[in-house]
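Reader: Hi! I'm new to this one, could you walk me through it?

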Amino acid sequence: MSAIVEVAGQTGRLLLAGQFDFSAHREFRQACDEILASTAVREVLVDFQQVDYLDSSALGMLLLLKEKAASSGRELALVNCRDTVRQVLEIACFGKIFTIR
Amino acid sequence: MKVLLADDAEVVRMLIGRFVESLGHELILAADGIEAVEYCLAERPDMVLMDMMMPRLNGPEAGRQIKAAMGAHWIPIVLITAVEEVNKLADAMEVGADDYLLKPINFRILEAKIKAIERTVELNRQVREQAFKLANYYDRAEEEKQVARHLMEQLVNRERLSDTQLHTWIAPAESLSGDLIAAARTPGQVLHLVLADGIGHGLTAALNVLPLTQPFYAMTERGFSLPDILIEMHRKVRQVLPAGRFVALAFVAVDFAKRTLEVWNGGIPELRLYGESGALLKRWPSRHLPLGIVSQDELELDLERYRFDGRANLVLCSDGLLEARNAEGEPFGAARLGLACAGYPAGEALARSIDALQDFLGDAACHDDVSLAIVDLDPDAALPLPAGEGIGKLPEMLGEVRWRYELSLGAAELKHLHTVPLIMGFISQIRPLAQAHADVFLILTELFLNALDHGLLAMSSDLKSGLDGMEYYLQERARRLAELKQGRIDIELTGHDLGERSLLRIRVSDSGPGFDHRWLQEPDSTRPSGRGIALVAALSASLRFFGNGNVVEACYLTRPSH
């Protein structure tokens with residue numbers, strides 16, 4: 001998986017691509033640290049447009065990001081979730097604790 | 001480095017030897033190929049410098065023999081050669097030599113070459129050392145995995161899965177499974193089934209699901225209900241697992257006698273119910289977050305209830321099954337699973353599903369743990385009510401009272417205490433009742449619920465009839481219990497010694513206005529409420545109502561010990 005950080009104004013976008021699973025651990029954490037280090041960012045968007053698969057380890061990483069974002073007062077949303085990704089998020093009922101757009 | 005130098009010319013040995021020593025290396029000298037091979041085996045030098053042409057055995061052949069004798073231990077060999085011998089070099093390097101030096105020797109080049117070889121030797125040493133460490137590490141990890149697997153198997157009580165109504169299959173992606181299937185019966189013969197899926201797979205995932213097993217088995221055994229066990233499992237997961245870890249879990253409770261099903265699904269693919277004809281009767285998609293994410297009071301405990309009349313199969317599986325991909329990258333999916341198992345008896349449905357998955361995957365391997373459970377919801381599988389005969393008549397004298405247990409509960413306690421499991425905790429310590437837990441649990445449950453529901457809450461059993469009757473009854477009951485201001489239930493248990501048998505007297509009284517209990521004593525088995533008291537009557541040696549029906553006493557006789 002690759003993770004690209006784009007910061008525009010108050011919005012930090014985390015563009016993920018490929019398979020989001022345990023092997024993506026390092027890239028994801030680095031990208032998260034980078035985006036949260038930017039003091040201008042008030043809202044973090046995790047963009048799943050290019051993600052074709054995610055597993056339960058990925059859900060765990062999203063939970064950790066949520067915690068970090070919340071503790072520094074940032075909004076967090078999961079965006080552009082397509083078929084498989086949406087399905088996994090739905091089964092885990094992540095809509096109850098995440099903003100999914 | 002230890003350097004072996006082989007040359008038949010003493011002048012060359014002196015010249016190159018001095019130079020090698022001046023670079024700080026240890027020197028071993030050989031005068032021909034045979035000596036070179038001999039010293040190599042005895043001294044194990046780090047590198048060999050050798051003339052092409054030597055008496056008795058030439059350089060290339062000596063090099064071949066050295067390489068053959070050293071096997072996996074790598075010794076770099078550098079041949080020293082005159083320009084006119086260059087065409088033989090290719091052959092020599094194919095059979096063993098690693099490099100060459102042209103005569104006359106350029107000492108600047110020789111020094112550089114020795115340094116280059118020194119680097120390669122060092123690299124080689126590190127690789128070998130790491131390979132050795134890795135091999136050791138691998139062996140230790142395998143051994144630890146063995147121990148872990150053994151432990152896991154003990155903790156998940158694999159043998160308990162051998163329930164007549166349950167068919168299960170788990171295929172771990174690695175040697176340990178992060179999927180868990182656990183099943184056990186309550187003392188009242190309600191089947192509790194859990195299918196859980198921890199994050200990832202292998203040992204870490206297996207460790208995630210382990211905290212579930214202890215509360216599941218311990219509390220099911222004592223007759224706790226599904227929500228209580230769920231709360232405890234959630235507490236355990238939150239307490240034990242680090243942040244970002246959670247366990248997806250489906251929990252099912254099947255009461256075969258009442259033909260009811262309770263389902264809680266947090267993060268497991270939808271549970272499906274297939275009728276005998278293969279029709280899809282009902283689906284239970286995930287409605288809750290997996291365990292371990294939200295705080296204790298945010299845990300949603302609302303269960304979905306279902307009443308089954310005909311025989312049907314309840315199918316549960318982890319996402320590893322639906323997501324298993326073949327060589328073309330296609331997932332197995334729910335449709336293929338449905339096709340394989342719908343309309344077949346549970347055991348066959350399981351076997352067909354496993355076959356279908358294996359056919360589908362071909363040579364491709366699963367990348368996640370796979371688990372599948374099928375419950376055979378057979379209305380006839382309810383254990384028949386125990387026959388009254390054989391219990392024997394109550395003796396005239398009850399004999400000496402060996403122990404007495406009294407409990408008196410006011411409205412506040414009735415709202416939150418798990419009364420029956422509480423008493424069962426005591427009963428389980430009484431030796432003469434060791435074989436009678438299930439019976440005692442049933443009698444206590446029925447008498448206690450009778451006192452609470454009908455005595456204090458004035459619930460009418462008629463509420464239970466109708467399609468949504470049970471659901472409505474339970475909601476209404478919860479509402480009335482929450483509003484209960486006063487009332488008391490007294491429970492008294494005494495144990496009597498009758499020689500080879502023991503007698504347990506259970507007396508339950510409530511402060512309610514009482515009710516016409518005569519209809520309870522001529523139970524109508526078609527009425528859900530009558531079933532309970534009929535069961536108690538069948539299990540007990542005597543069952544009597546006193547007063548307005550707000551005092552009831554059952555005497556239970558243990559079976560003669562053999």
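Reader: Which residues touch the most other members of the largest nonpolar core?
Author: They are V252(B), L314(B) and I374(B), in a core of 107 residues. A nonpolar core here is a set of buried Ala, Val, Leu, Ile, Met, Phe, Trp, Tyr and Cys residues joined through C-beta atoms within 7 Å. Buried means that 20 or more other C-beta atoms lie within 10 Å of a residue's own; with 12 or fewer a residue is exposed, and in between it is partly exposed, the C-beta atoms being placed from the backbone.

Reader: And which element gives the largest share of this core?
Author: Strand β9 of chain B, residues 247-255, with eight residues. Strands (E, at least two residues) and helices (H or I, at least four) are DSSP runs, numbered from the N terminus.

Reader: Before we go on, what kind of model is this?
Author: This is a predicted model: local features need pLDDT of at least 70, side-chain atom pairs count only at pLDDT 80 or more, and totals for chains, interfaces and linings use all residues. Residues are numbered from 1 along each chain as its sequence is written, while chains are lettered from A and ligands numbered from 1 in the order in which they are written.

Reader: Thanks! Why is β9(B) largely enclosed by the rest of the structure?
Author: Eight of its nine residues are buried, so β9(B) is largely enclosed.

Reader: What is V252(B) in contact with, leaving aside neighbours within four places in sequence?
Author: Its contacts are L193(B), L261(B), E262(B), V263(B), L314(B) and V375(B). Two residues are in contact if their C-beta atoms, placed from the backbone, lie within 7 Å.

Reader: Which strands pair with β9(B)?
Author: Strand β8 of chain B, residues 191-198, pairs with β9(B) in the antiparallel sense over eight bridges. Strand β10 of chain B, residues 260-266, also pairs with β9(B) in the antiparallel sense, over seven bridges. Pairing requires that DSSP finds at least two bridges between two strands. For specific spots, L195(B) has A250(B) as its bridge partner in β9(B), and A253(B) has E262(B) in β10(B).

Reader: What about the hairpin of β9(B) and β10(B)?
Author: Four residues lie between the strands, and R259(B) takes a positive phi near 55 degrees.

Reader: How many strands form the open sheet?
Author: Five, in the order β7-β8-β9-β10-β13 of chain B, with antiparallel pairing. At the edges stand β7 (179-185) and β13 (304-307) of chain B, each with a single partner strand, so one side of each has no neighbour in the sheet.

Reader: Switching topic: how many helices and strands are there in chain A?
Author: Three helices and five strands. From the N terminus on, they run β-β-α-β-α-β-α-β. Of the 101 residues of chain A, 41% count as buried.

Reader: Where does chain A touch chain B, and how many residues take part?
Author: 13 residues of chain A are in contact with 18 residues of chain B. Helix α2 of chain A, residues 56-71, provides the largest share of chain A's side, seven residues.
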